[in-house]
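Good morning, and thank you for joining.

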Amino acid sequence: MTDPRAQIGTTGKRLSRRSMLAGAAAGVVAPAAIASLGGSAATAQGNSKGDSGKTRRITMYAEEFPDGNVGYGLAPGKASIPGPILEIWEGDTLEIDLVNNTDRRLSIHPHGVNYSVDSDGSPLNDSFNEPGETRTYIWSTTAPYKASGNMWMPGSAGYWHYHDHALGGAHGTEGLRKGLYGALIVRRKGDILPERQHTVVFNDMTINNKVAPHVPILEANLGERVEFIAIGHGNTFHTFHLHAHRWANNRTGILEGPKDPSQVVDNRDLNPGDSFGFQVIAGEGVGPGVWMYHCHVQFHSDGGMAGIFLVRNEDGSLPDGAQAALDRYHGHEHGGDHPHGH
Ligand SMILES: [Cu+2]
């Protein structure tokens, strides 16, 4: 938790609709996502009516950090890496006014949703922001439906992501390398909402553009429902592994019952452009503790692609032994084969 920039909007505890609005008004970036779910957020759980067909409009700002990295945020001065989690309900439309506060061209390009060439975010389609320019991108979604020929068409629901596609070239390669990326969640009505959310991006040889021991510590209290959104970027393959927790390898990452045939995993490929998400009950069956998440490609984890999922006691206090484990993590130098400092 040493770098608030990396935490804002990418991780945090779900707030009530009222406090989110208050936070937004005060310039505090609540988990963005939730903000963009709009009025449905408070009623989503067990919602059977659905809220399809709504249009939500948000403003995002692309900004350069002093270190040369670049990020998206929901308010000026609030950019983060990864960018804010954007969430919409299947069937809804999201309109994004992207303000480019940098002196380079850039864009925003989504995965998993529908858009016209104008909102493609690619230089190929002349769809990007010049320096200082504001441009509107429109992303729409559909619920599952039956097309002609009795063909069942999938809906848009899923754990997707967005990223720049214009900075430094036709494919946004430099923008991606510098941090212009984030999670996009399209929820189906009835989906269970988490209490906390964490975005984990394996980008080249980093996690969220950081390496151990500076990778963000993701936190939860014992028993909380925690959602992970995992995204891959860069130029190499990765595998995401979380200690002591498992999830279902399906759309929601949750088993729907004892006979759900979904494969249960604790490790999954996370290659460039991939994304997936899942929910766990923090510490369920194993207790609180300091649990690693890391790339399971060995020279990647040795190189610093390792972070901590800190499951605190139910009351928020640190479990026995946790501080020592955190100290070991923070004393761990990378670039060699062995940890130092202990
Ligand atoms: Cu890796």
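Predicted model: local features only at pLDDT ≥ 70, side-chain atom pairs only at ≥ 80, totals over all residues.

Residues are numbered from 1 along each chain as its sequence is written, and side-chain values use heavy atoms, with hydrogens and water left out.

Strands here are DSSP runs of E with at least two residues, numbered from the N terminus, and two strands pair if DSSP finds at least two bridges between them. Strand β21 (residues 289–295) runs antiparallel to β22, and six bridges join them. Strand β14 (residues 217–221) runs parallel to β22, with five bridges between the two; there, Ile217 stands opposite Ile308 of β22.

I turn now to another sheet. Four strands form an open, mixed sheet in the order β4-β11-β10-β6. β4 (86–89) and β6 (109–110) are the edge strands, each with a single partner strand, so one side of each has no neighbour in the sheet. β4 pairs in the parallel sense with strand β11 (residues 181–187) over four bridges, and Ile88 has Val186 of β11 as its bridge partner.

Also in β4 is Glu87, which counts as buried because its relative accessibility is 0%. Which side chains does Glu87 contact? A polar contact is a pair of N or O atoms within 3.5 Å; within protein, one must be able to donate a hydrogen and the other to accept it, and residues adjacent in sequence count only if both atoms are side-chain atoms. The Glu87 side chain makes such a contact with that of Arg187 at 3.0 Å, and another with that of Gln197 at 2.8 Å.

Finally, the metal site. The copper ion has as protein donors His238 (ND1), Cys295 (SG) and His300 (ND1), at 1.9 to 2.1 Å. Donors are N, O and S atoms within 2.8 Å of the metal (3.2 Å for Na, K and Ca); water is not among the atoms, so sites may look incomplete. Along the chain, the donors follow the spacing H-x56-C-x4-H. Cys295 is buried at 0% relative accessibility, and His300 is buried with a relative accessible area of 0%.

Terms used:
Buried < 20%, exposed > 50% of the residue type's maximum accessible area, 1.4 Å probe, protein only.
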